[in-house]
Amino acid sequence: MKTYQITSGRGITSLELVERELAAPGPNQVRVRIRAVALNYRDLMIADGTYLSASPAPVVPASDAAGEVVAVGPGVTRFRVGDRVASTFFPRWIHGRPTPANTAGALGAVADGVLAEAALFHEEALVEVPAHLDFREAASIPCAGVTAWNSLFVEGRLKAGDSVLLLGTGGVSIWALQIASAAGLRTILTSSSDAKLERARALGAHETLNYREIPEWQDEVRRLTGGEGVDLALEVGGLGTFERSMASTRMGGTVAIIGGLSGWAGAFDPFAVIGGAKRLAGIFVGNRAMSEDLGRFLSATGVRPVIDRAFPFAQTREAYEHLRSGRHFGKVVIDL
């Protein structure tokens, strides 16, 4: 089978298309024909050598895939040949709280990922794809979709009528906008592009702010919320946005931290947390149970995630470069 491999720290140019043998499924294993792979900012970090952990040897990149079961090993009971399935970010984290053991082996960093024509999975590491989603849409669930779900409804504990601040129009922010809108949350979204803000409003954003035109956007967020601030801010930026997200959040509210695109030096003020009785929640994607809950929500509401652009398998490097450009709105996907 054809598969890509990448060496962490050597950049996108180290992406290499190679041939590998794939063994027959062993006990409780499922062989999946990969149909679509979704990229995350994490994949750029792995290429650049800035991710939390990565293998010094070449690995198959990417964590998010959807496809169809083509073979099952002895003892498999959860899936049959022909089932449509999606990967899970942490193959061992099925439910409950995260631990060092169940969050080890995340796909595409230390362990081989999914950017291949086919892959073997333990049956417990897969979820059923909602019937109304195509493979591209389903491939965006494992990291971005679950991260948004965890941030809003698990760690965030939000309910209909609550308010959330979303930064930018990348994969997680647009996922969060869509499911928040479907769940009856009030959404405020920032971007530097008026065109992207218009698209966000079409997806249900209640308020949009151009942060180039309104550099002190935290003041506007508080004004829009009657001076109180939002119930939750989904923080993706780090330096330059974290302090503003904190100021945008009401007393007793939550800042869900899912990334730090601009670094963190000097961003943290403990007195803002203490004096505002605010809660910081580190979001490390989520478990399989969250993915299944999200799948049921999508089936009930009919929400379909936004796919910015799909690239053919042979143009994987171009897909990475498009993600790095920041021009995307929603998810960047690779077709197989």
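This is a predicted model: local features need pLDDT of at least 70, side-chain atom pairs count only at pLDDT 80 or more; totals for chains, interfaces and linings use all residues.
Colleague: Which residue forms a salt bridge with R78?

Modeller: Side chains of opposite charge can pair when their charged atoms come close. Here R78 forms a salt bridge with E292, and the closest N and O atoms are 3.3 Å apart. R78 lies in the loop between β4 and β5 while E292 lies in helix α9, so the pair ties together parts that are 214 residues apart in sequence. E292 is itself partly exposed, with a relative accessible area of 23%, and a network of salt bridges links R78, E124, R288 and E292.

Colleague: How many salt bridges are there by this rule?

Modeller: The count comes to 16, and among them is the one between R250 and D231, whose closest N and O atoms are 2.6 Å apart. This pair links distant parts of the chain, with R250 in strand β12 and D231 in strand β11, 19 residues apart. R250 counts as partly exposed at 27% relative accessibility, whereas D231 counts as buried at 16%.

Colleague: Why is strand β11 described as largely enclosed by the rest of the structure?

Modeller: Six of the six residues of β11 (residues 230-235) are buried, so the strand is largely enclosed. As for its pairing, β11 runs parallel to strand β8, to which three bridges join it, with A233 as the bridge partner of L165. β11 also pairs with β12 in the parallel sense over five bridges, where L234 stands opposite A256.

Technical notes:
Residues are numbered from 1 along each chain as its sequence is written. Side-chain values use heavy atoms; hydrogens and water are left out. Buried means under 20% relative accessible area, exposed over 50%, partly exposed in between (1.4 Å probe, protein chains only). Helices (H or I, at least four residues) and strands (E, at least two) are DSSP runs, numbered from the N terminus. Two strands pair if DSSP finds at least two bridges between them. A salt bridge is a side-chain nitrogen of Lys or Arg within 4 Å of a carboxyl oxygen of Asp or Glu.
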